[in-house]
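Dear colleague,

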Amino acid sequence: MNPQLPYNFQDDRPLFYPEIDRFGGYMTLQRPRNITQCCYLFDYIPMYRKDIQLTRRDRACRNLLYRFKEGHPVYVKIAARLVAQCIENNPFIMENVRDPLLLVVPASTAELHERRYKTFCEELSRRLGIENGYDRVNIMFDKNQNKGKSLAGRTYNHYVDEVDVEGRDIFLFDDLLTSGRTYTAMVDGLMGDGYGCGQVFGFFLGKTIEKPE
C-alpha cells in the first residue's frame, strides 16, 4: 500500500491501519481527589513533529486516528475492534471492574459526536459484553474545538445523566490523550458529588508525543 495514504481521505482508497491487540502504553493521571488508570493503543506523532521520521506503522496509526476523528464508518468499527482486543488481552481490567458502563468524552458538535461515537460505542460494548452508555452523554450546544486553549478558557458543552452511574465503574474513551485536561475534568465530575461513580478506566487510541521542553 502507498505510504502516503494517511494524507488522502478518499473513500475509494484501500484501508490503511495498524493491526493491534495489545495496549502500547499505560499512564496514571493523578488529581487532587482521584487517580485514574489510562491505556492507549499507540504513540501519535503530530504533524508539527517534523523532527521525527515516520515509519509505515506510524503512518498507519495516524491514518486510523484521523479517519476516526472524521467519523468514517469503516474506521470507527475498526477502532472499536482494536480497543476491544486490547482490553480482552489485559485480564486485569475485566477482572477488576464492577458492572462497567461505557462512556465517551464528547466531540465538539452533536453531529460529529454521533458520527464518531454512536457506532463505536455499540460495537465496543457488544464485543466486551458491557452496557453502552452512549446516550448518557448529552451535547447541549455545538462549540469550536478547544485545541490550544487553557483549561480556564474552555467551555464544556455536555452533561452526563446521573442514572445508573453511582457506584459503577466507568470505561471512559477518548480518541487522543495530549494534555489530558478534558478527560480529567470529566473524571472529576463523574467521581464527584452528584455522580459518585467507582473506578474510572481511561482508554485512548493514541497518546501525543510532544516536543521536549
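Within the chain, 72% of the contacts with a separation of 6 or more are between residues 24 or more positions apart. Please note that this is a predicted model.

Overall composition. The chain has 213 residues, of which 50% count as buried. There are 5 helices and 8 strands, and from the N terminus on their order is β-β-α-α-α-β-α-β-β-β-β-α-β.

Confidence. The average pLDDT of the chain is 84, and 82% of the residues score at least 70. Helix H2 (residues 73-88) has the highest confidence, with a mean of 97, whereas strand E6 (residues 158-160) has the lowest, with a mean of 64. Two stretches call for separate mention. Over residues 1-10 the pLDDT stays under 50, and the model has 26 contacts for them beyond four places in sequence. Residues 146-155 also have a pLDDT below 50, and this stretch has 9 contacts in the model beyond near neighbours in sequence.

Helices H1 and H2. The axis of helix H1 (residues 56-70) comes within 8 Å of that of H2, and the two cross at roughly 120°. H1 is therefore oblique to H2, since angles of 65 to 115 degrees count as roughly perpendicular and those over 145 as roughly antiparallel. The crossing of H1 past H2 is left-handed. On the H1 side, the residues that meet H2 are Asn63, Leu64, Arg67 and Phe68; their counterparts in H2 are Tyr75, Val76, Ile78, Ala79 and Leu82. By class, the residues of this contact comprise 7 nonpolar, 1 polar and 1 charged.

Val187. One further residue was examined individually. Val187 lies in helix H5 (residues 181-191). Is Val187 buried or exposed? Its relative accessible area is 1%, so Val187 is buried, the cut-off for that class being under 20%. Leaving aside neighbours within four places in sequence, the residues in contact with Val187 are Asn34, Thr36, Leu172 and Val200. Val187 and Cys197 are 10 residues apart along the chain, and their C-alpha atoms are separated by 9.3 Å.

In reading the model, I would ask you to keep in mind the two stretches with pLDDT below 50, namely residues 1-10 and residues 146-155.

With kind regards

Conventions
Residues numbered from 1 in each chain as written. Predicted model: local features only at pLDDT ≥ 70, side-chain atom pairs only at ≥ 80, totals over all residues. Heavy atoms only, no water. pLDDT = per-residue confidence, 0-100. Helix = DSSP H or I, 4+ residues; strand = E, 2+ residues; numbered from the N terminus. Contact = heavy atoms within 4.5 Å. Axes fitted to C-alpha atoms, helices over the stretch in contact; angles between N-to-C directions. Parallel < 35°, antiparallel > 145°, perpendicular 65-115°, else oblique. Left-handed = near helix turned anticlockwise from the far one by under 90°. Nonpolar A, V, L, I, M, F, W, Y, C, P; charged D, E, K, R; others polar. Buried < 20%, exposed > 50% of the residue type's maximum accessible area, 1.4 Å probe, protein only.
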